[in-house]
Amino acid sequence: MPQSLFLVALVVDDYDRAKAFYCDALGFDCLQDEVQPEGKRWIVVKPKGREGAALLLAQAADERQRAAIGNQTGGRVGFFLKTDDFARDHAAMKEKGVRFMEEPRHEVYGTVAVFADPYGNTWDLIQHSS
């Protein structure tokens, strides 16, 4: 049976703040933003393109969830944003205020640089070698 990972929940502090970062600073598309019962929203954002999973922006509902904001992967890089043009996307993201934690580096698998979202989750921006 064919399967694919299509959605990953990301715990955030505020729906609008998270949506602004992912859609404005990173250029993701907002696929859904629907009001749910009890003041919740179903916000799904996805990098432009056809491949890969989308993110469900899930506002923390209690203290336990708030404690997980920015540390959902225990301090490791937990998210990987693939690009077909590293230089273009790196420059655009820096221009929009995205905080890179290192200079771009060249590895055997491609060009990569770690950046952080407003919550402290770390991401790799990566262009694979051909």
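**Figure 1. The stretch from residue 4 to residue 128.** Over residues 4-128, the chain is 22% helix and 38% strand, with the end C-alpha atoms 21 Å apart. Helices (H or I, at least four residues) and strands (E, at least two) are DSSP runs, numbered from the N terminus. The UniProt record, an unreviewed entry, labels residues 4-128 "domain: VOC"; such annotations may be inferred rather than shown by experiment, and UniProt positions are given here in the numbering used for this chain, with feature names shortened. Keep in mind that this is a predicted model, where local features need pLDDT of at least 70, side-chain atom pairs count only at pLDDT 80 or more, and totals for chains, interfaces and linings use all residues. Residues are numbered from 1 along each chain as its sequence is written, and side-chain values use heavy atoms, with hydrogens and water left out.

**Figure 2. One face of helix H3.** Here we look at H3 (86-95), whose buried residues (under 20% relative accessible area, 1.4 Å probe, protein chains only) are Phe-86, His-90 and Met-93. Seen down the helix axis, they fall within an arc of 70 degrees (taken from the directions from the axis to the C-beta atoms), so they line one face of H3. An α-helix has 3.6 residues a turn, so residues three or four places apart point the same way. Turned away from that buried side are Ala-87 and Glu-95, both exposed, which means over 50%, with partly exposed in between. The buried residues of H3 pack against helix H1 (15-25) and strands E6 (99-100), E8 (110-116) and E9 (122-128). After H3 comes Gly-97, with a positive phi near 90 degrees.

**Figure 3. Zooming in on Met-93.** Met-93 sits in helix H3 and counts as buried because its relative accessibility is 5%. Leaving aside neighbours within four places in sequence, Met-93 is in contact (heavy atoms within 4.5 Å) with Ala-25, Leu-26, Val-98, Phe-100, Phe-115 and Leu-125. Gly-27 is 66 residues away from Met-93 in sequence, yet their C-alpha atoms are 8.6 Å apart in space.

**Figure 4. Glu-38 out on a loop.** Glu-38 belongs to the loop between strand E2 (29-35) and strand E3 (41-46). Its phi is near 60 degrees, a positive value in a residue other than glycine. With 78% relative accessibility, Glu-38 counts as exposed.
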